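Subject: Structure handover

Hello,

Here is the structure I promised to pass on. My notes follow below it.

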Amino acid sequence: MRKLISAACCCVMLSVSAQNTSIDVTHYGLKIHLNDTSNRISVTEQIEFSWIDTSQLVQFDLESTQSNGKGMLVSSVFDQSKSISYKQVGELLILDDLKAAGRKQISLVINYAGIPSDGLVISANKYGERTFFGDNWPNRAHLWFACNDHPSDKATISYSVTAPKYYEVIANGEQLNRIDINEHEATTSFSSNIVLPTKVMVIGVANFDSKKVANPLSPIEISSWVYPQNSEKSFYDLELAKDIFNYYISWIGPYEYEKLANVQSTTRFGGMENAGCIFYDENAFNGRRTSESLIAHEIAHQWFGNSASESDWQHIWLSEGFATYFTDLYLEQKYGTERMQKQLAKERAEVIQFYRQYPHPIVDSTYENLMDLLNENSYQKGAWVLHMLRNRIGDELFHQSIVAYYEKFRLSNATSQDFIQVVQEVTQQDLSVFFNEWLFQSGHPQLKIGKKIKGKSIKLSIQQVQKERFTDIPITVELSFEDGSKVQEQFKLTGKTNVYNFKYSKKISQILIDPNVQLLFEEK
Ligand SMILES: [Zn+2]
């Protein structure tokens, strides 16, 4: 996702709950009833799972009723049509009477109702119209449905949403049907046969205009779902999705989901990459296509984050760093190298600035609030690691490495180590020092650079003054001569102090460090 600068973080503290590995959910079937007289929803949920560790009680994440009256109150749980006992404790639904009895797969039906405290956001949009939008990242799905709310437990999902007839309904997966069930209400059903992490499982219910985006290059339907009040401008902006989508398919590999819907919404983020059903901030579209990089970022997540997902939160750069760098690659391909370099220079400045307030590594397990992971290390620095990797191993091996990583971990989960292993296998290079220095330690090279030009020769002395150790820093300098010609010199900084002498046949007029924007460093 992308943060919204003005309203960056929500007020809720999203603490880190322990990963529940004793079960593996395979399918959620949600029948949801929405109405316009209150924000109370009622849900009948079928949940199918494997009970992996039967020494542990089965429990699902589901927020119970709070003192403010919000939360979900379970009224019954059925196991094979038999009512079983349960208890709700805080954010857990504990099934203390469930018996495994040799079954591999268990299917339960859970009935509950309540006003979601968050996760399914029921509010007026910017035109004052009532809307319902799922907004689960990172672990807010369990505030509106019972689940194993962790990116490592992926499952298929189906929805049957009953709502007043005048709403349109959108969700992950393929729309199966829409049936009028009485004079006032209709039920719209969707099914995603592709496994998804809970963070990107959503419904959106609102007054929408929708339009298909023609794409002769793919049978996957791309559509735009926008508020009717500014639909023409939003449709125009969202047509950009087609070229972005086609570019990623050609670069990374096939798109996994049944469709790609781009939806105007009330999400608290600038954009949220919900699988095949991306939600954008309601102010993102203006008819001037100013959200091109936002759209490129969210579409990149369909591969990185949604399909190849981080196995735990500290590896979030595999999602956000990748989406950030794939946006840079898209901009490079569309507008040229200079545009990408401009973007990377901006991202570098943001990383340096962030380091001053938060000197932690990219892979950081010290966070207390998951929202804190939406930071410049996960996004910009993660992108810079990919950029430096590309410069180190070359475009061809970089491409092969990313494609191999994606192919291996598509519809699955990966750690940073999994990514490193794939890159080392593809390149047949030991890159452990590179990754250790850039992913697992904080900081970046801070260089004190002395430049002494004497006619046709130059003495460069480069001192590393940061406290962290960087042992292998490739650096390029560009020398300009009085006759207007230029030359680039490449070398490696290996020690704390490095001295280089260059001699030419022409008089040197100027020197530029890192002219191609290839190194994450700071000049002191
Ligand atoms: Zn993102």
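How many bridges join strand β25 to β26? Eight, with β25 (residues 473–481) and β26 running antiparallel. Strands here are DSSP runs (E, at least two residues), as are helices (H or I, at least four), numbered from the N terminus. Two strands pair if DSSP finds at least two bridges between them.

Before more, two ground rules. This is a predicted model, in which local features need pLDDT of at least 70 and side-chain atom pairs count only at pLDDT 80 or more, while totals for chains, interfaces and linings use all residues. Residues are numbered from 1 along each chain as its sequence is written, and side-chain values use heavy atoms, with hydrogens and water left out.

**The open sheet**
Three strands form an open antiparallel sheet in the order β26-β25-β28. β26 (486–493) and β28 (508–513) are the edges; each has a single partner strand, so one side of each lacks a neighbour in the sheet. The twist averages 25° from one strand to the next (axes are lines fitted to C-alpha atoms, for helices over the stretch in contact; angles run from 0 to 180 degrees between N-to-C directions).

**Around β24**
β24 (residues 457–464) has alternating side chains. I458, L460, I462 and Q464 point to one face and are buried (under 20% relative accessible area; exposed is over 50%, partly exposed in between; 1.4 Å probe, protein chains only). β24 pairs with β23 (residues 446–454), antiparallel, over eight bridges. K448 stands opposite Q463. Two residues separate the strands of this hairpin, and G455 takes a positive phi near 60°. β24 also pairs with β27 (residues 497–503), antiparallel, over seven bridges. There, I462 has N498 as its bridge partner.

**Rings**
The whole structure holds 39 aromatic pairs (rings of Phe, Tyr and Trp, its six-membered ring, with centres within 6.5 Å; planes under 30 degrees apart are stacked, over 60 edge-to-face, the rest tilted). W251 and F326 are edge-to-face, because their planes stand at 85°, with centres 5.0 Å apart. The pair links helix α2 (residues 241–251) to helix α4 (residues 317–335), 75 residues apart. W251 is buried at 13%, and F326 is buried at 0%. F491 and Y500 form a tilted pair, 4.0 Å centre to centre and 35° between planes. F491 and Y500 are buried.

Best wishes
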